[in-house]
Structures are given as structure tokens and as C-alpha cells.
Amino acid sequence: MKIKILLVLLLVASLAGCDVSVNEDVVIAAGSKSSSGASSVNGNIVVGADATADGSVKSVNGRITVEDGATVKDIASVNGPISVGERARTGSIEGVNSSTDCEQNARVDGDIKLVNGGVKVKSGATVTGNIKTVNGPIRLTGATVDGNVGNYNGGIVITDSSTVKGNVTVYKPSGQDIKEPALVIIGPGSTVLGKLSFERPVKLYIHEMAEVDYDKIDGADPISYSGTGLPEDG
């Protein structure tokens, strides 16, 4: 809860003194360039295909869409989903009550940090920093994360030849005694170079064609599986 309040306050404070649209959508036209970025309260923001926003893109109560091939400095959202299109490029992403979808060959130069929202990163996409959520699933499908991947609730699926160069961690929520295990899957062709650490109960499935260092697994007994599908509800 403290993290959520802090992120909300930081985003609202960052909007103060800026050119902010209220109750209206903001569109940066396809192929155009904006030096100021875009900010909105109660409105959606669209950065058109192949457009460039040298400034930040920030929204309260609105959807943020970065279309195919567009480039933005960074993204922050409270109460609105975030979509990063194919071949699009952005800096760090922060959100509260904000899911984030990164389409094929997208690139996030920085971290993805969310409270109450899931992350999907698709084939060929890269996150150069860390991915961390509090209450939200993380799913990598043929993606690369140069940093760490972790959350508290929601489970983690790393599959289809994804690579995580750092650690994979499931944290224990402060003050909570959680007995229901989280689902963690390391799927076929995928690689985790760092540690796999689990501070709360998990069901850890590792595909027989995945690459992990079993000596670096702490807090769970891995279950091997085979085939092209995912076990359980992954």
C-alpha cells in the first residue's frame, strides 16, 4: 500500500505545472514529433505509429497507447492500461492499477514497475531493466529481460525461448501468511541465468528443455515437465 500511495503522489506531483489535458484525449499524430510529451487526467493518450515524444507520457484515469514504431521517453499511469506496440520504444514504465502489454519487438529501456497490474512481454521484445509487480502476473513469451523478474502475487510464466539474465523472485507480502502457492513456469527453450528465489509457497515447473542452474534454486522443489503446452493454468 505504501508503494501504491508513493507512486500516485509522484505521478500527480509530476503533472503539476505541466501542460495537462483534463477530460480530453491527447493524440500525437502518426509520424510526428513532440518535444513536450503528453499528460492527461481523465483522458486517453495515443502516440501514433512512428511518432516520437521526447518528453514523458503520463496519465491519470486513462489508457496510454504507444503505437507500432513509436518512441517515447518514459511512461507513467494511474488507473489505466498501457500498450506498447510492435517495434515501439520507451523508457521506464510505472503504473498503479495499470496492466502493461509490450508487443513483438518492442523495447523498454529501463524498468517496468506496477502495482495491481499484470505484464505481458511478447516475442522479440526486450526490457533492459527489471520487471516487478506487486499484485499482477508476469508473462514473457519469447522475450528478453536483461535484469531481474519478480512479484508478490500473480505468478510468473517465462516461456517460448525467453531469457532472463538476472534473478527470478517471488516475494513474501509483508504481514501476510499466504499458504496458496503461486504458479511459476520456466517453459521450453527458456533460460534463467540468475537465481530462482521464493519467499512464499510456489509450484515451480521447469521444462526439460529449459536452462536454469538448479543449484541456484532456493525455496521450492522444481517439477519437471515436457511437451509443447504449459502445465496447469499457465
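Begin by selecting aspartate 54 and lysine 33 in this predicted model. The two residues form a salt bridge, and their closest N and O atoms are 3.7 Å apart. Colouring by accessibility separates the partners. Aspartate 54 is partly exposed, with a relative accessible area of 39%, whereas lysine 33, at 65%, is exposed. Lysine 33 is assigned to the exposed class because its value is over 50%.

The model contains 6 salt bridges in total. For another of them, select aspartate 109 together with arginine 89. Here the closest N and O atoms are 2.6 Å apart. This pair, too, links distant parts of the chain: aspartate 109 is in the loop between β15 (107–108) and β16 (112–115), and arginine 89 is in strand β12 (residues 89–90), 20 residues apart.

Displayed together, Arg89, Arg107 and Asp109 are linked in a network of salt bridges. Arginine 89 is partly exposed at 41%, and arginine 107 is partly exposed at 31%.

Next, turn to the aromatic side chains. The structure holds 2 aromatic pairs. One of them is formed by tyrosine 205 and tyrosine 225, whose ring centres are 6.3 Å apart. Are these two rings stacked or edge-to-face? The angle between their planes is 85 degrees, so the pair is edge-to-face, a class that requires an angle over 60 degrees.

Show the strands around this pair as a cartoon. Tyrosine 205 is in strand β29 (residues 202–207) and tyrosine 225 is in strand β31 (residues 223–225); the pair links distant parts of the chain, 20 residues apart. Tyrosine 205 is buried, at 9% relative accessibility, and tyrosine 225 is buried as well, at 10%. Both tyrosines are placed in the buried class because their values fall under 20%.

Finally, select lysine 132 and tyrosine 171. Lysine 132 lies over the face of tyrosine 171, at 4.7 Å from the ring centre.

Note on methods
Residues are numbered from 1 along each chain as its sequence is written. This is a predicted model: local features need pLDDT of at least 70, side-chain atom pairs count only at pLDDT 80 or more; totals for chains, interfaces and linings use all residues. Side-chain values use heavy atoms; hydrogens and water are left out. A salt bridge is a side-chain nitrogen of Lys or Arg within 4 Å of a carboxyl oxygen of Asp or Glu. Buried means under 20% relative accessible area, exposed over 50%, partly exposed in between (1.4 Å probe, protein chains only). Helices (H or I, at least four residues) and strands (E, at least two) are DSSP runs, numbered from the N terminus. Rings of Phe, Tyr and Trp (its six-membered ring) pair if their centres lie within 6.5 Å; planes under 30 degrees apart count as stacked, over 60 as edge-to-face and the rest as tilted. A charge sits over a ring if NZ of Lys or CZ of Arg is within 6 Å of the ring centre and within 35 degrees of the ring normal.
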